[in-house]
Amino acid sequence: MGKVLKVREVGDPILSTKCKEVDIKNINQEILEEIEDLKETLNFTEGFRIAAPQAGIDRRIVIIQVNKEKCTYKDCEEVPTTVMINPTWKKLSEETESEFEGCLSVPSIRGKVERYTNIEVTYYNEKGEKVIKQVKGFTARDIQHECDHLDGIVFLEKVKEHNGFATKDMINKFNLKEENK
């Protein structure tokens, strides 16, 4: 069982750092312990996803875990705990959607971000096995958001609309659509 790590908030230098790739042929005990810590940290939050730099770890690792019952996003799908090592993605169509996003590293602000709705993600699991999946909607948005973290980008940098920001409370008060907590 892992330990709960401190979630880094916007302004922490690690959130603007491009993370180091994991040597897939050398997924050692240290990396496996970091993965367990990330899982435990995610379980401690109300979020659906976490990237390693959000917990102070300079590695290209993402954990996604979505409980459909707790998700308010329109095309939210149940996602069991999924570890993605060195994830990359590519768009499968030009179709995009702008939705409000939240982030564990930006706890009280939401921002409207345009993302591709259909992508293909390639990653490695904890056993070093390559996985290729086509995903859409909420899951596609999650993966793009977390891959941004691995490249040192916080969603605030992707908000284009002049009225594209809201507080978590205002989203709830005015019933604006929010894709994640």
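Strands β6 and β7 form a hairpin with five residues between them, and Gly128 in the turn has a positive phi of about 80°. The model is predicted: local features require pLDDT of at least 70 and side-chain atom pairs count only at pLDDT 80 or more, whereas totals for chains, interfaces and linings use all residues. Residues are numbered from 1 along each chain as its sequence is written, and side-chain values use heavy atoms, with hydrogens and water left out. Helices (H or I, at least four residues) and strands (E, at least two) are DSSP runs numbered from the N terminus.

**Sheet**

β6 and β7 pair in the antiparallel sense over seven bridges; two strands pair if DSSP finds at least two bridges between them. Thr122 has Ile132 in β7 as its bridge partner. Both strands belong to an open sheet of five strands, in the order β1-β2-β3-β6-β7 with antiparallel pairing. The edge strands, each pairing on one side only, are β1 (49-51) and β7. From one strand to the next, the twist averages 40°. β1 and β2 are joined in the antiparallel sense over three bridges, and Ala51 has Val62 in β2 as its bridge partner. Helix α1 (residues 29-44) packs on the sheet, touching β1, β2 and β3, and its direction makes about 35° with that of β2. Contact here means heavy atoms within 4.5 Å; axes are lines fitted to C-alpha atoms, for helices over the stretch in contact, with angles from 0 to 180 degrees between N-to-C directions.

**Nonpolar cores**

A nonpolar core is a set of buried Ala, Val, Leu, Ile, Met, Phe, Trp, Tyr and Cys residues joined through side-chain atoms within 4.5 Å. Buried means under 20% relative accessible area, exposed over 50%, and partly exposed in between (1.4 Å probe, protein chains only). The largest core has 21 residues, of which Ile64, Val66, Cys71, Met84, Phe138 and Ile143 touch the most other members. Elements giving two or more residues to this core are β2 (61-66), β3 (79-91), β6 (118-124), β7 (130-136) and α2 (137-150); α2 gives the most, with five. Apart from it lies another core of 17 residues, including Ile31, Ile61, Val83 and Leu104.

**Aromatic pairs**

The whole structure holds two aromatic pairs. Rings of Phe, Tyr and Trp (its six-membered ring) pair if their centres lie within 6.5 Å; planes under 30 degrees apart count as stacked, over 60 as edge-to-face and the rest as tilted.

| Pair | Centre distance | Plane angle | Class |
|---|---|---|---|
| Phe48 and Phe138 | 5.8 Å | 85° | edge-to-face |
| Trp89 and Tyr116 | 6.0 Å | 50° | tilted |

Phe48 lies in the loop between α1 and β1 and Phe138 in helix α2, so their pair ties together parts 90 residues apart in sequence.
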